[in-house]
Amino acid sequence: MAKMFRVMIALLVLVSGCMLGPLGVNFTADLNGKPFKAITGSWDETEMEGFTTGQIMAMDSKLNMFIIFIGGAFEEKEYSFESIGPDMFLTSASYMNMSEEKTYMSQSGILTITSKTDRLVGEFEMTLAGLDEGGGESILEVTNGTFDLPSTPVPET
């Protein structure tokens, strides 16, 4: 069931990303030394019950996906990745590796927003941990992360 859910999310992002292709997507990083290059990606800010969250989504051709959340609206500043606590929403990231059927969650790292207009530009590095079926952890080191993404188009009503 979880696998089907992940595939459905990945396909939804891929289809919506096809519309964003002409807007130019740049989201790259090294994952344990292996390159990740998104073919689709965007950012947006959502307000719900008076609280704003910022999201970045990026997916490569193998349907592997990064999702980054911040509590609040994006600002041109540096954010630290931390675990989400029960009383507050902090900056966090996840990486879904579809071929391994594994999700990694951020443990530490830095996200720096250098420009926010109709595009969001910045860089990042982080350490993510994935829970192995045997109960152990696997670590994913993300280095040399950069992005220059268009905002998510607002659907016409």
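Tutor: The structure holds two salt bridges, a salt bridge being a side-chain nitrogen of Lys or Arg within 4 Å of a carboxyl oxygen of Asp or Glu. The model is predicted, so local features need pLDDT of at least 70 and side-chain atom pairs count only at pLDDT 80 or more, while totals for chains, interfaces and linings use all residues. Residues are numbered from 1 along each chain as its sequence is written, and side-chain values use heavy atoms, with hydrogens and water left out.

One of the bridges joins Lys-116 to Glu-45, with the closest N and O atoms 2.9 Å apart. This pair links distant parts of the chain, 71 residues apart: Lys-116 is in strand S8 and Glu-45 in strand S3 (residues 40-48). Strands (E, at least two residues) are DSSP runs, numbered from the N terminus. Lys-116 counts as partly exposed because its relative accessibility is 29%, and Glu-45 does so at 32%. Partly exposed lies between buried, under 20% relative accessible area, and exposed, over 50% (1.4 Å probe, protein chains only).

Arg-119 and Asp-148 form a salt bridge as well, at 2.7 Å from N to O. Arg-119 belongs to strand S9 (residues 119-131) and Asp-148 to strand S10 (residues 137-150), so this bridge ties together parts 29 residues apart in sequence. Asp-148 is partly exposed, with a relative accessible area of 26%.

Strand S8 (residues 102-116) also contains Leu-111. Leu-111 counts as buried because its relative accessibility is 0%.

Terms used:
Helix = DSSP H or I, 4+ residues; strand = E, 2+ residues; numbered from the N terminus.
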